[in-house]
Amino acid sequence: VRWGRFVEFARNAGIRDARNVTREFVQEYAASLAPQVESKSMSIRYAQNLVSTINIVFETMRGDRQLRLSPARLLGQRVHVRQHAPASLHRRIVAERIARLDDRGYERVSAVASLARELGMRFREASLLDAREACRQALADGRINVTRGTKGGRGKTVDRWVPVTPIALATLTRAATLQGDGAGLIPPTMTFREWRDHAYGVWKRANKGTRLQGFHDLRVAYACERYEALTDTLAPVVCGKRTADRETDRAARTIIALELGHGRIDVVAAYVGSSR
């Protein structure tokens, strides 16, 4: 169906042979979808999927990526607005699960979970963190710069300073002990993929019967707590609406976006809820 939409568009333009399709023509097709997205008659997700389908088909047919376009750049980014408060906001529940992991010998998994909860780190970032160096930074500056394992390699060019609370410092200290002489929390006998699959499986089993979800949920809880600390009001997703004034709300979202390693402020809605 998705490919059929493009075929119909091409036929209406007088193109009968796929070899005559140019990059400019594919851009015209994407541009024809934009008004439908703006009028809400088509979701941005579906429009992006239509362009992605074109990318895949032409890459397969041509054997190259010369016609490939960025759906997000042409049609805008998808923005999810979180509707439910994260279960990991309840520290007692998180602490119980972490203690259970420690008792069962999964200290490295619990350490990654703690780093995600206390510092808003992604799973990969927490796994690759040099906790020894982070402890030195925290003691000297009261914050750490997250640079390893960042999404899209942003850490190589963009500083990402995250404040360190006393609880976060204790978390870093424990991670440094577990790290030992290694470069991070990934066991020396595992590849990153093996470690990821192992850790996700362990965390999922440990949370069975609770409302706790994946490691990302811990990042969401961090963002909600930071929002409250920065605005003196609960995050919209927690209390049901924005209660901070717009200027304060936007300033908090700007800071949280940087601390989470995102380049766009609107992404924060997926963590703390709507700004409306």
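Asp181 sits in the loop that links α9 (166–179) to α10. Is Asp181 buried or exposed? Its relative accessibility is 82%, so Asp181 counts as exposed. Now compare sequence with space. Asp181 and Arg132 are 49 residues apart along the sequence. Their C-alpha atoms are 9.5 Å apart in space. Keep in mind that this is a predicted model.

Take another pair. Thr165 lies in the loop between β2 (161–163) and α9. Its relative accessible area is 39%, so Thr165 is partly exposed. Thr165 and Ala18 are separated by 147 residues in sequence. From C-alpha to C-alpha, the two are 59 Å apart.

Step back to the whole chain. It has 14 helices and 2 strands. Its C-alpha trace spans about 65 × 50 × 40 Å along the principal axes. The chain has 276 residues, and 43% of them count as buried.

Next, look at how two helices pack. Such a pair is described by the angle between the two axes and the distance between them. Helix α1 covers residues 2–12, and helix α3 covers residues 44–62. Their axes come within 9 Å. They cross at roughly 80°. An angle of 65 to 115 degrees counts as roughly perpendicular. Therefore α1 and α3 are roughly perpendicular to each other.

Which residues meet there? From α1 come Arg2, Trp3, Arg5 and Phe6. From α3 come Tyr46, Asn49, Leu50, Thr53, Ile54, Val57 and Phe58. By class, this contact of α1 with α3 has 7 nonpolar, 2 polar and 2 charged residues.

Stay with α3 for one more residue. Asn55 is also in this helix. Its relative accessible area is 3%, so Asn55 is buried. What does Asn55 touch, leaving aside neighbours within four places in sequence? Asn55 is in contact with Leu67, Arg68, Leu69 and Pro71.

Helix α5 lets you check a length. It runs over residues 91–103, which makes 13 residues. At 1.5 Å a residue, α5 should span 18 Å. Its end C-alpha atoms are 18 Å apart, so the two values agree.

Now look around α5. Val94, Arg97, Ile98 and Leu101 are buried. These four cover an arc of only 100° around the axis, so they are on the same side of α5. On the other side of the helix, Arg92 and Asp103 are exposed. What covers the buried residues of α5? The cover includes α6 (107–119), α10 (192–206) and α11 (215–231). Just after α5, Gly105 takes a positive phi of about 85°.

Asp232 has a positive phi too, near 65°. Here the residue is one other than glycine. Where is Asp232? It lies in the loop between α11 and α12 (236–239). With a relative accessibility of 71%, Asp232 counts as exposed, because the cut-off is over 50%.

Technical notes:
Residues numbered from 1 in each chain as written. Predicted model: local features only at pLDDT ≥ 70, side-chain atom pairs only at ≥ 80, totals over all residues. Heavy atoms only, no water. Axes fitted to C-alpha atoms, helices over the stretch in contact; angles between N-to-C directions. Parallel < 35°, antiparallel > 145°, perpendicular 65-115°, else oblique. Contact = heavy atoms within 4.5 Å. Nonpolar A, V, L, I, M, F, W, Y, C, P; charged D, E, K, R; others polar. Expected span 1.5 Å × (residues − 1). Buried < 20%, exposed > 50% of the residue type's maximum accessible area, 1.4 Å probe, protein only. Arc of directions from axis to C-beta.
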